[in-house]
Amino acid sequence: MTTGRLFVISAPSGTGKTTMLKRVMADTSGLVFSISHTTRAPRPGERHGVDYYFVPRDEFSAMIQREAFLEYAEVHGNLYGTSTDAIGVQLDNGLDVLLDIDVQGAALLRRKGRPAATHIFIAPPNLDELEKRLRGRGTENEETIRLRLKNAATEIRAAAAYEYLIINDSIDEAINLLTAIILAERARGHRLPSGKPISGRVIT
Ligand code: 5GP
């Protein structure tokens, strides 16, 4: 059995990433979501162990101390991290894992180089549209909205370092494109079991 592949997905807050990831996971077999740890408070409707592991700062710090994170970063004033345990088992079971992480965490993984990952950036069509969507979802206060919009400009500048860019203008098209990228990555030749041709023979 081949081990699974990591898909690192970054997007400014309000881009529609969570909706996209939920739909792609519902329609694509063998694909799971890495549940991050965060010190942020849950939003209405968010559940511990489903959306995030919501932990106090001292617990997060203890995890940093014992090197439990593959990567972590401070984003919009809160800490977020991917625990190595959370993804290791899934990858070993041949499942592909979606990592929803910010541009700092993604850059850290690129520097590390392992585990191998495909990096995908999702961008809004423009910043005005992003502000409209962020306000429209009504989950953040004014101060948080302003901070997230300010950070969005910096995040978008980091998009060039990613292998794929998806502009979420139409949600259906963006979802189709994300699914296509995942399927195409799965079909890459080097991902065949043990690198052998499917038939066991080399066709000349
Ligand atoms: P939100 O608070 O809107 O759920 O997420 C805020 C930001 O934190 C998003 O950019 C999201 O990608 C990022 N994030 C979520 N989990 C992780 C993680 O485990 N590591 C890092 N580096 N960023 C994360």
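Reader: Hello! At about what angle to β6 does helix α3 run?
Author: Helix α3 (residues 84-92) lies across β5 and β6. Helices (H or I, at least four residues) and strands (E, at least two) are DSSP runs, numbered from the N terminus. Axes are lines fitted to C-alpha atoms, for helices over the stretch in contact (heavy atoms within 4.5 Å), and angles run from 0 to 180 degrees between N-to-C directions. Against β6, the helix runs at about 30°.

Reader: What kind of model is this, and how are its residues numbered?
Author: This is a predicted model, where local features need pLDDT of at least 70 and side-chain atom pairs count only at pLDDT 80 or more, while totals for chains, interfaces and linings use all residues. Side-chain values use heavy atoms, leaving out hydrogens and water, and along each chain, as its sequence is written, residues are numbered from 1.

Reader: Which strands are the edges of the 4-stranded open sheet?
Author: The order in this sheet is β4-β3-β6-β5, with mixed pairing. Two strands pair if DSSP finds at least two bridges between them. Strands that pair on one side only are the edges, here β4 (53-54) and β5.

Reader: Now the 5-stranded sheet: by how many degrees are its neighbouring strands turned on average?
Author: This open sheet has the order β2-β7-β1-β8-β9 with parallel pairing. Its edge strands, each pairing on one side only, are β2 (31-33) and β9 (164-167).

Reader: About what angle does helix α1 make with β2?
Author: Helix α1 (residues 17-27) packs on the sheet and touches β1, β2, β7, β8 (117-123) and β9. Its direction and that of β2 make an angle of about 145°.

Reader: Which residue of β7 is opposite V8?
Author: Strand β1 (residues 6-10) runs parallel to β7 (residues 96-100), and 4 bridges join the two. Opposite V8 stands L99.

Reader: Is H76 buried or exposed?
Author: H76 lies in the loop between β5 and β6 (78-83) and has a positive phi of about 45° although it is not a glycine. Most residues other than glycine have a negative phi. Buried means under 20% relative accessible area, exposed over 50%, partly exposed in between (1.4 Å probe, protein chains only). At 14%, H76 counts as buried.

Reader: And is E67 buried or exposed?
Author: E67 has a positive phi of about 55° although it is not a glycine, and its place is in the loop between α2 (57-65) and β5 (69-75). Because its relative accessibility is 69%, E67 counts as exposed.

Reader: What is omega for the cis peptide bond?
Author: Most peptide bonds are trans. The cis bond here joins R114 and P115, with P115 in the loop between α4 (103-112) and β8. Its omega is about -5°.

Reader: How much of the ligand's accessible area does the protein cover?
Author: The ligand is surrounded by 18 residues (a heavy atom within 4 Å), and the closest are S36, R40, Y52, Y80 and D100. Polar side-chain atoms lie 2.6 Å from a ligand oxygen atom for S36 and 2.8 Å for R43. Of the 510 Å² of accessible area (Shrake-Rupley method, 1.4 Å probe) that the ligand has on its own, the protein covers 95%.

Methods:
Polar contact = N/O pair within 3.5 Å; in protein donor to acceptor, adjacent residues only side chain to side chain.
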